[in-house]
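Me: Could you show me how to read a sheet, a helix pair and a ligand shell in a model? Here is the one I have open.

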Amino acid sequence: MSERGRNIDRRMLMKIMGAAGATGAVFSASCGRSIDTARAESSGIVGGKWDRNIRLASSGPGGNRNWQRGDAVKFLPPEKIPTGGSAASALASLPKSKLLTMYYRMNASRKWETVMKDLFVSGKDNLYGAFHPYVGEEAIAMGVMAALNDDDYIASTHRGHGHLVAKGGDLNQMAAEIFFKETGCNKGYGGSMHITDMSKGIMGMNGIVGASYYLAAGAAMRSMVRGTKQVAVAFFGDGAANSPYYFSAIRSCTNYKIPVIFVNENNFQYMGVPMATVVPTKYISDYTRGLDIPHHVVDGNDVSAVYEATKEAVEWGRAGKGPTMIEGITYRWYDHAGFAGGRVGVDGAYGLPYRSDDEVRAWITRDPIVRFKTWLVEKDIANATELTKVEADAQAAVDASIAFARQSKDPDPQAGVHHTHANGPVMATQFFNRSGFANPVKTPAEGGRRG
Ligand SMILES: Cc1ncc(C[n+]2csc(CCOP(=O)(O)OP(=O)(O)O)c2C)c(N)n1
């Protein structure tokens, strides 16, 4: 075939792919419909034998090279969490105290990041460093954590504050880390992407996209070897699914029946790139349909749907059957990192080049916390006064965490080397001797601390 012929073919192929994607988007997703509807409407995706758990119908956002700013409104979830259905029943069977804790943590996560947003935008406290806000996605973290035991593990992403709060991590230590203070969970040397709390099974946020797979696989394998029945969750974004490590990890976990729950937080946005233009399949979970493991595609703004899927995944993993793939469709309200387009006292970031303001506003109307609140009231689990008190408690804890961070001390410069290398002081001495800078670090022989 001539070079010209090959070019024409490639262009034709692109056109066909674009058209297929556009058709998919026109059908649009309607969250919360039953599997039967989903099967009837699914555009030819052949499901595995465990696919009974699909709760999102019709086409996903992927495979659409004609994606336009504003297209994310086509995937809006329903306005309310369904009060009926198996997911609602599963959630309603939890004790009231646990449901209120969930509501508290979702609020604490939202309010903590919102306060941070106001501080970053206003320039108050001179905050700096990367900060990836999770606002808008809280139902995924809370739905997942509600199904875990305290000693189960989670491996987070760069966007992980909400994961930590949902698992019961400490707001004070997290705030102090953002302020780079010595009371932070990394003693002020890590910042937003290195927040962790091993006492709660939180293996930490990290800046390597796609790192969660192997962290979770290692923890889950340890539990397999020890027979402890703990499971591990690997959170990852839609972009992270493009990492080759993803396939390698999920394939190996399937092969060896390692109890990892892969939780994809599909927020349509891969930094400033619409996920639809770089993902060839409708859903991220379509990548692994060929593996003989359960796949759940759920409304990621519905805490009940996420909870039910995770509960099944946990039972599956503890029973020795291996991994599960859960994909939650959701949306982030702010920019990828930092707060471009954000304003003090205003929810959401606007004027960003890769999405429309209308789609942001539309997704904000599907706020997962408001939906959960409405559900709690409609189910007669709690009244508005009780929930207002929970919200005030969450705000008080957030404010206390900021005060704690502000009054904490800056770390001692020596602490950096002490916490980085087992042989920190000696290595620092070698470094400073070579660099010609004054050495602020004393070795133990000189009266310094041991590493
Ligand atoms: C291995 C690696 N490649 C690239 C980056 C730069 N990077 C940081 S976040 C990000 C986008 C991740 O998108 P997604 O996985 O969809 O998560 P989201 O930000 O939407 O939550 C990229 C490419 C990185 N940190 N690590």
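This is a predicted model: local features need pLDDT of at least 70, side-chain atom pairs count only at pLDDT 80 or more; totals for chains, interfaces and linings use all residues.

Me: In what order do the strands of the open sheet of five strands run?

Reply: The order is β3-β4-β5-β9-β8, and the pairing is parallel. At the edges sit β3 (153-155) and β8 (295-299), each pairing on one side only. On average, neighbouring strands of this sheet are turned by 20° against each other, direction ignored.

Me: How many bridges join β8 and β9?

Reply: Five bridges link β8 to β9 (residues 324-329), in the parallel sense.

Me: Which helix lies across β5, β8 and β9?

Reply: That is α11 (residues 303-318), which runs at about 170° to β9.

Me: And how should I describe two helices that pack together?

Reply: Two packed helices are described by the angle between their axes and the distance between the axes. Here, the axes of α7 (residues 171-178) and α14 (residues 384-407) come within 8 Å and cross at roughly 45°. The two helices are therefore oblique to each other, and the crossing is right-handed.

Me: Which residues of α7 and α14 meet?

Reply: From α7 come L171, N172, A175, A176 and I178; from α14, A397, V398, S401, I402, F404 and A405. By class, the contact has nine nonpolar, two polar and no charged residues.

Me: Last one: how many residues surround the ligand?

Reply: There are 16, and the closest are V209, G237, D238, G239 and A240. The shell divides into five nonpolar, eight polar and three charged residues.

Definitions and conventions. Residues are numbered from 1 along each chain as its sequence is written. Two strands pair if DSSP finds at least two bridges between them. Helices (H or I, at least four residues) and strands (E, at least two) are DSSP runs, numbered from the N terminus. Axes are lines fitted to C-alpha atoms, for helices over the stretch in contact, and angles run from 0 to 180 degrees between N-to-C directions. Two residues are in contact if their C-beta atoms, placed from the backbone, lie within 7 Å. A residue is near a molecule or strand if its C-beta atom, placed from the backbone, lies within 6 Å of it. Ala, Val, Leu, Ile, Met, Phe, Trp, Tyr, Cys and Pro count as nonpolar, Asp, Glu, Lys and Arg as charged, and the others, Gly among them, as polar. Angles under 35 degrees count as roughly parallel, over 145 as roughly antiparallel, 65 to 115 as roughly perpendicular and the rest as oblique. A crossing is left-handed if the near helix is turned anticlockwise from the far one by less than a right angle, and right-handed if clockwise.
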